[in-house]
Amino acid sequence: HGFLADRLPAQGARGRALLEAFLWKLSDKPLHTVERHTAGDGKLYEQAMRVLNDHCREALSLSDIARLCKTSESSLKKAFAAYSHTGVMHCFNSIKIRLAARLLTQGFSAAQVSERLSFSSPSYFHVVFRREMHCTPGQYVQKSRR
């Protein structure tokens, strides 16, 4: 703090004093807070990821996933908040869409993929696919053939 103030263009003693006071205040505050996670959160997150991958062909709700993980919805959400940049259902849909992309390149139609992965309808599958992949299933197949 004194080091920086000494190297600034001459602003007068008052300017340097204000800058030093400001820098002292900053040094008292953490730049970011690091949330401490329990080992249980990490284990729950890993378990949830296994459940999502193992059940990606099913239509599961958040409560279904929590039940399969033998935990509450709030604990599941907390674990994802600690270890993932997405929510539980967004992560589940991402896993489904990665599998969908593979199935599409193997020659399955979008309607077949939608049914195999238990989407509520082919149109909802298109919506989720486009949101994740930034193109339609048909466009994805065309790109993958190039």
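Visitor: Which backbone oxygen does the side chain of Lys96 reach at 3.0 Å?

Guide: The side chain of Lys96 reaches the backbone oxygen of Cys56 at 3.0 Å. Please keep in mind that this is a predicted model, where local features need pLDDT of at least 70, side-chain atom pairs count only at pLDDT 80 or more, and totals for chains, interfaces and linings use all residues. Residues are numbered from 1 along each chain as its sequence is written, and side-chain values use heavy atoms, leaving out hydrogens and water.

Now, where does Lys96 sit? Its place is helix α6, residues 88–105 (helices are DSSP runs of H or I, at least four residues, numbered from the N terminus). The side chain of Lys96 also reaches the backbone oxygen of Leu117, at 2.3 Å. Lys96 is buried (under 20% relative accessible area, with a 1.4 Å probe and protein chains only). Even so, Lys96 has no salt bridge, meaning a side-chain nitrogen of Lys or Arg within 4 Å of a carboxyl oxygen of Asp or Glu. The nearest side chain of opposite charge belongs to Glu58, 8.5 Å away; here Lys and Arg count as positive and Asp and Glu as negative, while His and the chain ends are not counted.

Setting aside neighbours within four places in sequence, Lys96 is in contact with Cys56, Arg57, Glu58, Leu117, Ser118 and Phe119 (contact being heavy atoms within 4.5 Å).

Methods:
Helices (H or I, at least four residues) and strands (E, at least two) are DSSP runs, numbered from the N terminus. Buried means under 20% relative accessible area, exposed over 50%, partly exposed in between (1.4 Å probe, protein chains only). A polar contact is a pair of N or O atoms within 3.5 Å; within protein, one must be able to donate a hydrogen and the other to accept it, and residues adjacent in sequence count only if both atoms are side-chain atoms.
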